[in-house]
Amino acid sequence: MNRTPGTPVLSVRGVSRNYGAVRALVDVDLDIHAHEVVAIVGDIGAGKSTLARVMSGALAPDSGTIEVDGAPVTMPSTRAARELGIAAVFQDLALAENLDVVQNLFLGQELRRAGMLDERRMERRAWEVLSQLAARVPSVRAPVRALSGGQRQAVAVARTLVGNPRVVVLDEPLASLGISQTAEVLNMVERLRESGLGVVMISHSMVDVQAVADRIVVLRLGRINGDFDAEHASYEDLIAAITGITPTGRAARPTTRPATL
Ligand SMILES: Nc1ncnc2c1ncn2[C@@H]1O[C@H](COP(=O)(O)OP(=O)(O)O)[C@@H](O)[C@H]1O
Ligand SMILES: [Mg+2]
């Protein structure tokens, strides 16, 4: 897919974040455009989740800025980020097991009519956002505990769509999913791109990332260590950027994306 030109929807500019002595993010720059799936890959502890949290208002950076449509913003909370059009699904999904799909989708953002919960409108909207993802659930009145891993991921992503976001950040959406559920979630990511969203997908599976991403950004020890066009990135290039070791055993040089792709 062609690179989307123009102003990025979301930009991370010179962001650093420490946890005590741990430098989780060091001077990270990243742009996310509409209609684009950007995969973030990297070893365990590379800083991927920290970046996801900083991008979505869950964690404040120590330094650096976040921009939306080219203008600096402050995102003191995930709610503030959602209001700016940035929504995230974290690894724990934060679903309420005993509540049904509709209740989970509208938890904290219930639709009301004359002061009462508007169940019919919420149900209709639930079907809308689930079909936008081509997600299949047995019933929107099924409790989340009755759903498969892939269906849960779908509900968590659908919940972000209720607020009509422009960028969705998914932290390891494929972790602990089987093969067919992985395919469903990848299909869902493609649907998000088709609806014009920018998608940030964190993953450690090279195969899955190469199947769905337009760009692959590598984090290593908190720094961006490569920004690849997914179509042209070789497995060896990615592994070298992730590990810092080239196939010949030499330390890999940081890679940068050519100016025009
Ligand atoms: N809440 C925390 N307190 C202290 N250190 C943390 C915390 N969260 C993450 N870290 C550390 O920051 C680094 C980056 O972690 P993380 O962003 O979770 O990486 P990844 O998602 O790529 O595995 C790791 O060294 C991790 O141990
Ligand atoms: Mg993580």
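**Reading salt bridges and a helix**

Tutor: Arg 141 and Glu 119 form a salt bridge (a side-chain nitrogen of Lys or Arg within 4 Å of a carboxyl oxygen of Asp or Glu), and their closest N and O atoms are 2.7 Å apart. This is a predicted model, in which local features need pLDDT of at least 70 and side-chain atom pairs count only at pLDDT 80 or more, while totals for chains, interfaces and linings use all residues. Residues are numbered from 1 along each chain as its sequence is written, chains are lettered from A and ligands numbered from 1 in the order in which they are written, and side-chain values use heavy atoms, with hydrogens and water left out.

Student: Where do Arg 141 and Glu 119 lie?

Tutor: Side chains of opposite charge can pair when their charged atoms come close. Here Arg 141 lies in the loop between α4 (119-132) and α5, and Glu 119 in helix α4, so the pair ties together parts that are 22 residues apart in sequence. Helices (H or I, at least four residues) and strands (E, at least two) are DSSP runs, numbered from the N terminus. Salt bridges that share partners also join Asp 100, Glu 119, Glu 123 and Arg 141 into one network.

Student: How many salt bridges does the rule give?

Tutor: The count comes to 13 salt bridges. Among them, Arg 166 pairs with Asp 69, the closest N and O atoms being 2.9 Å apart.

Student: Which residues of helix α8 are buried?

Tutor: An α-helix has 3.6 residues a turn, so residues three or four places apart point the same way. In α8 (residues 235-243), the buried residues include Leu 238, Ala 240, Ala 241 and Ile 242. What covers the buried residues of α8 includes strand β3 (36-41), helix α7 (206-212), and strands β11 (215-220) and β12 (223-229). Just after α8, Gly 244 takes a positive phi of about 80°.

Note on methods. Buried < 20%, exposed > 50% of the residue type's maximum accessible area, 1.4 Å probe, protein only. Contact = heavy atoms within 4.5 Å.
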